[in-house]
Amino acid sequence: MNHDELLAEIDSYSYTYKPKSALRAVVELHKPSEGPDEYENIGCEACGFDSEYMQYAQIYPCPTIKAIEKELKIHGIPEDEL
Ligand SMILES: [Zn+2]
């Protein structure tokens with residue numbers, strides 16, 4: 001299944017447990033780091049760490065989380081509500 005097919009598959013879902021659990025899995029991966037980097041920033045664990053510059057690749061919330069929040073039209077999604 002290529003990327004466009006995956007998007008079409010997601011679009012075909014009605015609101016059931018499957019897309020909810022998939023969305024939750026993504027949100028669980030894109031979580032804030034336990035501690036700050038060299039620049040005192042809390043980063044996203046899933047988006048990676050740049051060891052050359054000793055900083056997270058993305059500040060939390062990362063673009064993935066922001067996109068999800070935008071689509072859900074909320075900010076700061078409590079994980080237990082997903
Ligand atoms: Zn991320």
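Student: In which element does glutamate 9 lie?

Tutor: Helices (H or I, at least four residues) and strands (E, at least two) are DSSP runs, numbered from the N terminus. Glutamate 9 lies in helix H1. Residues are numbered from 1 along each chain as its sequence is written. This is a predicted model, in which local features need pLDDT of at least 70 and side-chain atom pairs count only at pLDDT 80 or more, while totals for chains, interfaces and linings use all residues.

Student: What confidence does the protein chain have, and where is it lowest?

Tutor: The pLDDT value is the predictor's confidence in each residue, from 0 to 100. Where pLDDT is low, the predicted coordinates should not be read in detail. Here the protein chain has a mean pLDDT of 84, and 85% of its residues reach 70 or more. Confidence is lowest in helix H1 (residues 3–12), with a mean of 76, and highest in strand S2 (residues 55–56), at 96.

Student: Is glutamate 9 exposed or partly exposed?

Tutor: The answer comes from counting C-beta atoms, which are placed from the backbone: a residue is buried if 20 or more others lie within 10 Å of its own, exposed if 12 or fewer, and partly exposed in between. Glutamate 9 counts as partly exposed because it has 13 C-beta neighbours inside 10 Å. Its C-alpha atom is separated by 9.9 Å from that of proline 19, 10 residues away along the chain.

Student: How many helices and strands does the protein chain have, and in what order do the elements run?

Tutor: There are 3 helices and 2 strands in the protein chain. Read from the N terminus, the elements follow the order α-α-β-β-α. Of the 82 residues in the protein chain, 9% are buried.

Student: With which residues is phenylalanine 49 in contact, leaving aside its neighbours within four places in sequence?

Tutor: Two residues are in contact if their C-beta atoms, placed from the backbone, lie within 7 Å. Phenylalanine 49, found in strand S1, is in contact with Tyr56 and Ala57 once its neighbours within four places in sequence are set aside. Phenylalanine 49 is partly exposed, because 16 other C-beta atoms lie within 10 Å. Between phenylalanine 49 and aspartate 37, 12 residues apart in sequence, the C-alpha to C-alpha distance is 9.1 Å. For the protein chain, residues 24 or more positions apart account for 25% of the contacts with a separation of 6 or more.

Student: Where does tyrosine 39 lie?

Tutor: Tyrosine 39 belongs to the loop between H2 and S1. With 11 C-beta neighbours inside 10 Å, tyrosine 39 is therefore classed as exposed. From tyrosine 39 to tyrosine 56 there are 17 residues in sequence and 9.2 Å in space, C-alpha to C-alpha.

Student: What is the phi of glutamate 40, and what is that of methionine 54?

Tutor: Most residues other than glycine have a negative phi, and most peptide bonds are trans. Glutamate 40, although not a glycine, has a positive phi of about 65°. Glutamate 40 is in the loop between helix H2 (17–29) and strand S1 (49–50), and it counts as exposed because it has 8 C-beta neighbours inside 10 Å. Methionine 54, also not a glycine, has a positive phi near 50°. Methionine 54 sits in the loop between S1 and S2 and is exposed, with 10 other C-beta atoms within 10 Å.

Student: Which residues are joined by a cis peptide bond?

Tutor: Tyrosine 60 and proline 61 are joined by one, with omega about 0°. Proline 61 is in the loop between S2 and helix H3 (63–72).
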